[in-house]
Amino acid sequence: YFEINYISIIKISEEVEDKKIIEKIILCDAQKKIYPTLEKIFLNVLTDSGYPGVKIEKKIDFEDLYKKRIG
């Protein structure tokens, strides 16, 4: 069992008022932006903990998940 607690702070322009756009930014766009960093941190922690060579073969498709959520 592995767990990482990670926080990202995003700022959405006050000009963006449409809740659907804000929802996409938070659930999809921001996730696509931070995921590569989070994945790298996770793999480094595993390697440093004695689990070298672990690879994440299946990437999370946040765009697809978001589309399925609203579809």
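Ile26 is partly exposed, with a relative accessible area of 38%, where partly exposed lies between buried (under 20% relative accessible area) and exposed (over 50%), worked out with a 1.4 Å probe and protein chains only. This residue belongs to a predicted model, in which local features need pLDDT of at least 70 and side-chain atom pairs count only at pLDDT 80 or more, while totals for chains, interfaces and linings use all residues. Residues are numbered from 1 along each chain as its sequence is written, and side-chain values use heavy atoms, with hydrogens and water left out.

**Overall form**

- The secondary structure of the protein consists of two helices and zero strands, where helices (H or I, at least four residues) and strands (E, at least two) are DSSP runs numbered from the N terminus.
- The radius of gyration of the protein is 15 Å, well over the 11 Å that the globule rule gives for 71 residues, so the protein is more spread out than a compact globule; this radius is taken over C-alpha atoms, and the rule is 2.2 Å times the number of residues to the power 0.38.
- Along its principal axes, the C-alpha trace of the protein spans about 45 × 25 × 15 Å.
- Of the 71 residues in the protein, 11% are buried.
- Among contacts between residues at least 6 apart in sequence, 63% join residues at least 24 apart, contact meaning heavy atoms within 4.5 Å.

**How the two helices meet**

- Helix α1 (residues 19-48) and helix α2 (residues 62-70) have axes that come within 9 Å and cross at roughly 155°; the axes are lines fitted to C-alpha atoms, for helices over the stretch in contact, and angles run from 0 to 180 degrees between N-to-C directions.
- That angle makes α1 roughly antiparallel to α2, since angles over 145 degrees count as roughly antiparallel, under 35 as roughly parallel, 65 to 115 as roughly perpendicular and the rest as oblique.
- On the α1 side, the residues that meet α2 include Leu27, Cys28 and Tyr35, and on the α2 side they include Phe62, Tyr66 and Ile70.
- By class, the contact of α1 with α2 has six nonpolar, one polar and six charged residues, where Ala, Val, Leu, Ile, Met, Phe, Trp, Tyr, Cys and Pro count as nonpolar, Asp, Glu, Lys and Arg as charged, and the others, Gly among them, as polar.

**Residues in helix α1**

- Ile26 is found in helix α1, and, not counting residues up to four places away in sequence, Ile26 touches Ile10, Ile12 and Gln31.
- The C-alpha atoms of Ile26 and Ile12, which are 14 residues apart along the chain, are separated by 9.2 Å.
- Pro36 also lies in helix α1 and is partly exposed, with a relative accessible area of 47%, while its C-alpha atom is separated by 26 Å from that of Val16, 20 residues apart along the chain.
- Glu39, another residue of helix α1, counts as buried at 12% relative accessibility, and, leaving aside its neighbours within four places in sequence, Glu39 is in contact with Ile56 and Lys59.

**Before helix α1**

- Ser8 is found in the segment before α1 and is partly exposed, with a relative accessible area of 34%.
- The C-alpha atoms of Ser8 and Gln31 are separated by 9.5 Å, although these residues are 23 residues apart along the chain.
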